[in-house]
Amino acid sequence: MKITRIETFRVAVPLIKPFKTALRTVTIADSVYVKITCENGIVGWGEAPPTLVITGDSLKSIEASIHEVFKPYLLSKSVLQLELLLQGIHQILVGNVSAKAAIDMALYDCFSQYCKLPLYQLLGGYNNTLETDYTVSVNDPIEMGEDAASYVKQGFTVLKIKVGKDEIQTDINRMIEIRRRVGKEIKLRLDANQGWSPKEAVTAIRKMEDLGLNIELVEQPVKAADIQGLKKVTDSVDTLIMADEAVFTPNQAFEVLKTRSADLINIKLMKSGGIYRAQIINHLAEVSGVECMVGSMIETKLGITAAAHFAASKKNITRYDFDAPLMLAEDIVGGGIQYNGRSITLSDQFGLGINHILGHEKENVG
């Protein structure tokens, strides 16, 4: 089943409301879609959003990686040599993880269609339904409380709260207001996006513990490279601490796990470079007794479908952050996962189950 064609095109979908974190503000979901066609007519799809402040990838760098490096390597090779191809894309180019992820998911899509299986079944088939949280962007406490209450009214029972942008007391005030508005039963997760120093993180989390705000976990409280600081926070508080930007590679996961620097790991295909290495990270975490969450960047339903298939296939993945498509003004992907409020159902169509992409191409780069 040889690869005969690799194409890319750009898409851009407005967000319903600006997405704000300690690192950036997003108003439009830009992405590069990749389409791999095989000699027997099977087509696989992948997605790579540019996230400069996290992965360093831009639209142009993603396209250049695919067309100048991966396309010459992959054309005329067989998708049935999947291990060889996936090893290869990580060996022939350093970094550029978003481009790698797009190629990776398209290859898995082709391979699982050939096997006549939905991708989640090919990867392990542990589950076919998930529940996502919903993210509250960082704003003033009153607006965040209003947003949180609105999402709860829509049926979401787990909220991910963005903090880390201002003084820690402002973050504490945000959490007090949100807890007041949503009540005691809603599960709250914090994501500081590297916005605190280790001392600030310990102070803030301990104060929230003392206030009885009942925070389930805090994600990436300190700078990504500060593993010692991450461990200090983990060892100093009762609340669970999750590594996110600190873990892109299996080697980084091994270091965090070996040193017990976090209680949980957030895996994103756009950090790991796709499903292939995401599975390695999850397996390392599982044998270390550490559960994982699978999250995403601001992506359309195409990329989230691939992430959801991976997440649903594994027992050790217990938390899901797949709300990005719900933030978009329009769904341009036909097929894939289906949302019913917070519930996500995976299709039993072969591969990712992508049927078509609506006409939102900005630029063909075939």
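Trainee: How many aromatic pairs does the structure hold?

Mentor: The structure holds five. Rings of Phe, Tyr and Trp (its six-membered ring) pair if their centres lie within 6.5 Å; planes under 30 degrees apart count as stacked, over 60 as edge-to-face and the rest as tilted.

Trainee: Before we go on, what kind of model is this?

Mentor: This is a predicted model, in which local features need pLDDT of at least 70, side-chain atom pairs count only at pLDDT 80 or more, and totals for chains, interfaces and linings use all residues. Residues are numbered from 1 along each chain as its sequence is written, and side-chain values use heavy atoms, with hydrogens and water left out.

Trainee: Back to the rings. What sort of pair do F9 and W45 make?

Mentor: Their ring centres are 6.1 Å apart and the planes stand at 80 degrees, so the pair is edge-to-face. The pair links distant parts of the chain, with F9 in strand β1 (residues 3-20) and W45 in strand β3 (residues 43-48), 36 residues apart. Helices (H or I, at least four residues) and strands (E, at least two) are DSSP runs, numbered from the N terminus.

Trainee: Is F9 buried or exposed?

Mentor: F9 counts as buried, at 8% relative accessibility. W45 is buried too, with a relative accessible area of 11%. Buried means under 20% relative accessible area, exposed over 50%, and partly exposed in between (1.4 Å probe, protein chains only).

Trainee: Which residues do ring pairs link into a cluster?

Mentor: F9, Y33 and W45.

Trainee: What about the sheet with β1 in it? What is the strand order?

Mentor: The order is β1-β2-β3, in an open sheet of three strands with antiparallel pairing. Two strands pair if DSSP finds at least two bridges between them. The edge strands are β1 and β3, and each pairs on one side only. Neighbouring strands of this sheet are turned by 20 degrees against each other on average, direction ignored. Axes are lines fitted to C-alpha atoms, for helices over the stretch in contact, and angles run from 0 to 180 degrees between N-to-C directions.

Trainee: How many bridges join β1 to β2?

Mentor: There are 13, and β2 covers residues 25-38. A hairpin of four residues joins β1 to β2.

Trainee: Different topic. What is the order in the sheet of eight strands?

Mentor: The order is β5-β6-β7-β8-β9-β10-β11-β12, in an open sheet with parallel pairing. At the edges stand β5 (134-136) and β12 (317-320), each with a single partner strand, so one side of each has no neighbour in the sheet. Neighbouring strands here are turned by 30 degrees against each other on average, direction ignored.

Trainee: How do β9 and β10 pair?

Mentor: Strand β9 (residues 240-243) and strand β10 (residues 264-267) pair in the parallel sense over two bridges. A243 has I265 in β10 as its bridge partner.

Trainee: Which strands does helix α6 lie across?

Mentor: Helix α6 (residues 168-182) lies across β6 (158-162), β7 (187-191) and β8 (215-219), and runs at about 160 degrees to β7.

Trainee: And at what angle do α2 and α3 cross?

Mentor: The axes of α2 (residues 82-91) and α3 (residues 97-114) cross at roughly 175 degrees and come within 10 Å. That makes α2 roughly antiparallel to α3, because angles under 35 degrees count as roughly parallel, over 145 as roughly antiparallel, 65 to 115 as roughly perpendicular and the rest as oblique. Residues in the contact (heavy atoms within 4.5 Å) include L82 and L85 of α2 and K100 and I103 of α3.

Trainee: Where is Q194 found?

Mentor: Q194 is in the loop between β7 and α7 (198-210). Its phi is near 70 degrees, a positive value in a residue other than glycine. Q194 counts as buried, at 13% relative accessibility.

Trainee: What about the phi of R260?

Mentor: R260 has a positive phi of about 55 degrees although it is not a glycine. R260 is found in the loop between α9 (250-258) and β10, and counts as partly exposed at 42% relative accessibility.

Trainee: Last one: which residues does D147 touch?

Mentor: D147 touches K17, V136 and N139, not counting residues up to four places away in sequence. D147 is in helix α5 (residues 141-153) and is buried, with a relative accessible area of 11%.
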